[in-house]
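Here is a short report on the disulfides of one protein. Look at the sequence and the structure, then read on.

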Amino acid sequence: MKQQVLAVAAAIACLAAHAEGQVNIICSVQAEQCNLVQTVFSRSTGIKVNLTHKASGEAMAQLNAEKANPKTDVWYGGTGDPHMQAAELGLTMVYKSASLPKLRDWAQQQAEQTGYKTVGIYSGPLGISYNTEAMAKKKLQPPKCRADLLDPKWKGEIQAPNPNTSGTAYVEIATLVQLMGEEKAFEYLKALHKNISQYTRSGAGPVKNAARGENLIGVAFAHEAPVEAANGFPVVSNTPCEGTGAEIGSMSLIAGARNLAEAKVFYEWALTPGAQELGVAAKQFQLPSNKAAKLDERMPDFAKAKMIKYDYAKYGSSAERKRLIGRWEKEVNSLPR
């Protein structure tokens, strides 16, 4: 405990020492939260934040391309699987925060699994979102299960993210494989493909578009629907009856970071209750990893969802990700609709 107190004290001292520094961040949460995090951290510390907003898959691709000459210091947010792959590939560095004991078990476990190269900052289950007004107008019963999405009546009415750019999409594929077995999972994905109108670049895209009436249904994380509902759109979400997986949104320090001292200050700040409560302030409703962070009633209730025991270690490996996305591209995305 004494060591933890000293480490926190050192981090606070570091705030003053690096008040005129800068930190380069790739942010893979929603733009509204990225902007708020950037503003509040910079005002609180005096450290300039250069922030780029990218989906998880795009962030991973950039970090891999820059590995010989890193231009990024911190990767903040986005699904944990690509963070774990970045750790495996040596793109991120070991850092054991003094705040780890204050985090929920799943966040601590993820840090341990990667040798402390990443840490969980939030979590959220996969769900099925839909536009309530459009459903009522068409007199349709909304889907409650993944099997319901295969009904021909939904042809052209469903959007899902693309796993080549979206971590959300990869978590969905990995969830289906664990839930059904790989062969049945790909049979399901091929059947679902017939009803898909668009594969979006980002994980939130399908829900944003459903909220605005572009499509009826969006396959995405359940916490995306309350975001749109908070903005006044008629969209809700449920977790599939068969069972579902969850993301662990993560944060990592980049190996070879040019502004390492400032990056560590940001990292420690991002694990505090106050920083994690900025999610709700930005109308984002993932479950925060710090146990002391205040919860919001609009956050998905894990206790009411049928959750699978997601194997983060196996499906967080770069080889498994590459293999499954490659199979999806070859066997599913290549099919006509």
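The disulfide of Cys145 and Cys241 is right-handed, because the torsion about its S-S bond is about 120 degrees. Cys145 sits in the loop between helix H6 (132-137) and strand E5 (158-161). Cys241 sits in the loop between strand E8 (235-238) and strand E9 (246-253). The pair therefore ties together parts that are 96 residues apart in sequence. Keep in mind that this model is predicted.

Cys241 has a relative accessibility of 39%, so Cys241 counts as partly exposed.

How many disulfides does a search of the whole structure find? The search finds two. The other partners are Cys27 and Cys34, joined by a disulfide. Here the torsion about the S-S bond is about -95 degrees, so the disulfide of Cys27 and Cys34 is left-handed. Cys27 is buried, at a relative accessible area of 1%. Cys34 is also buried, with 1% relative accessibility.

The table sets out both bonds.

| Disulfide | S to S distance | Torsion about the S-S bond |
|---|---|---|
| Cys27 and Cys34 | 2.0 Å | about -95 degrees |
| Cys145 and Cys241 | 1.9 Å | about 120 degrees |

How do the bonds follow each other along the chain? With bonded cysteines counted along the chain, the pattern is 1-2, 3-4.

How values were computed:
Residues are numbered from 1 along each chain as its sequence is written. This is a predicted model: local features need pLDDT of at least 70, side-chain atom pairs count only at pLDDT 80 or more; totals for chains, interfaces and linings use all residues. Side-chain values use heavy atoms; hydrogens and water are left out. A disulfide is a pair of cysteine sulfur atoms within 2.5 Å. Buried means under 20% relative accessible area, exposed over 50%, partly exposed in between (1.4 Å probe, protein chains only). Helices (H or I, at least four residues) and strands (E, at least two) are DSSP runs, numbered from the N terminus.
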